[in-house]
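Trainee: I have just opened this one and would like to be walked through it. Could we take it piece by piece?

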Amino acid sequence: MAISIKQQIQAANKNLAALFKAGDMKSVASCYSKSPKFMPPNSKSIKSKKAIQEFWENTAALGVAALSLRTGQVEKLGKTAIETGVATLKGKDGATLDQADYVVVWKLENKAWKLHWDIFNSNNA
């Protein structure tokens with residue numbers, strides 16, 4: 001039986017979270033497409049894998065030790081998929097530091113789903 005698009009995106013998210021937890025930010029950045037656009041809150045858009053790697057390195061340096069990505073909805077349009085979900089960032093002690101709603105546009109590149117456009121908003125007031 002074929003794996004659903006939602007299951008494929010969930011697997012890609014699980015991989016990204018595992019790489020982040022392992023501290024391998026270069027591999028986290030490799031989860032993004034050839035021409036990514038990463039749009040974190042209160043920041044200019046980031047458009048290179050190197051800059052995305054630096055963003056996640058800085059995030060880890062601020063005390064984020066783990067993240068989880070909970071997929072809500074996924075819609076597939078050919079070699080593109082659109083996902084909505086909730087990200088949870090946790091500290092070294094396991095305490096939740098932040099939760100964020102996100103939207104990711106995924107692109108299928110070389111038979112692998114890659115984050116193409118990634119935007120999220122903190123739910124902390």
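Predicted model: local features only at pLDDT ≥ 70, side-chain atom pairs only at ≥ 80, totals over all residues.

Trainee: Which residue stands opposite Ala-112 of E5?

Mentor: That is Glu-109, which stands opposite Ala-112 in E5. Elsewhere in this pairing, Asp-101 has Asn-121 in E5 as its bridge partner.

Trainee: And what sits in the hairpin of E4 and E5?

Mentor: There are two residues between the strands of that hairpin, and Asn-110 takes a positive phi near 50° there, although Asn-110 is not a glycine.

Trainee: Is Asn-110 buried or exposed?

Mentor: Asn-110 counts as exposed, because its relative accessibility is 69% and the cut-off for exposed is over 50%.

Trainee: How many bridges join E3 to E4?

Mentor: Eleven bridges join E3 to E4, and these two strands run antiparallel.

Trainee: What is the order of the strands in the whole sheet?

Mentor: The sheet is open and has five strands in the order E1-E5-E4-E3-E2, with mixed pairing. Its edge strands are E1, residues 32-39, and E2, residues 64-77, each of which pairs on one side only. On average, neighbouring strands of this sheet are turned by 20° against each other, with direction ignored.

Trainee: Which strands does helix H1 lie across?

Mentor: Helix H1, residues 5-21, lies across E2, E3, E4 and E5, where E3 covers residues 80-91, and the helix runs at about 160° to E2. Helix H3, residues 49-61, lies across E1, E2, E3 and E5, running at about 50° to E1.

Trainee: Changing topic, how many aromatic pairs are there in the whole structure?

Mentor: A search of the whole structure finds six aromatic pairs. Among them is the pair of Phe-20 and Trp-56, which is edge-to-face, with 5.7 Å from centre to centre and 80° between the planes. This pair links distant parts of the chain, since Phe-20 belongs to helix H1 and Trp-56 to helix H3, and the two are 36 residues apart.

Trainee: Are Phe-20 and Trp-56 buried or exposed?

Mentor: Phe-20 is buried, with a relative accessible area of 2%, and Trp-56 counts as buried at 9% relative accessibility. Trp-56 also pairs with Phe-38: their ring centres are 5.7 Å apart and their planes are at 45°, so this pair is tilted. Here again distant parts of the chain are linked, with Phe-38 in strand E1 and Trp-56 in helix H3, 18 residues apart. Phe-38 counts as buried too, at 0% relative accessibility.

Trainee: Which residues do the ring pairs link into a cluster?

Mentor: The cluster that ring pairs hold together consists of Phe-20, Tyr-32, Phe-38, Phe-55, Trp-56 and Phe-120.

Trainee: And how many residues does the largest nonpolar core have?

Mentor: The largest nonpolar core has 28 residues, and those with the most contacts inside it include Phe-20, Phe-38 and Trp-56, along with Trp-106 and Leu-115. Two or more residues each come from H1, helix H2 (25-29), E1, H3, E2, E3, E4 and E5. The largest share of this core is that of H1, which gives seven residues.

Trainee: One last thing, where is Asn-42?

Mentor: Asn-42 is in the loop between E1 and H3. Its phi is near 55°, which is a positive value in a residue other than glycine. At 85% relative accessibility, Asn-42 counts as exposed.

Terms used. Residues numbered from 1 in each chain as written. Heavy atoms only, no water. Pairing = 2+ DSSP bridges. Helix = DSSP H or I, 4+ residues; strand = E, 2+ residues; numbered from the N terminus. Axes fitted to C-alpha atoms, helices over the stretch in contact; angles between N-to-C directions. Contact = heavy atoms within 4.5 Å. Phe/Tyr/Trp six-rings, centres within 6.5 Å; stacked < 30°, edge-to-face > 60°. Buried < 20%, exposed > 50% of the residue type's maximum accessible area, 1.4 Å probe, protein only. Core = buried A, V, L, I, M, F, W, Y, C linked by side-chain atoms within 4.5 Å.
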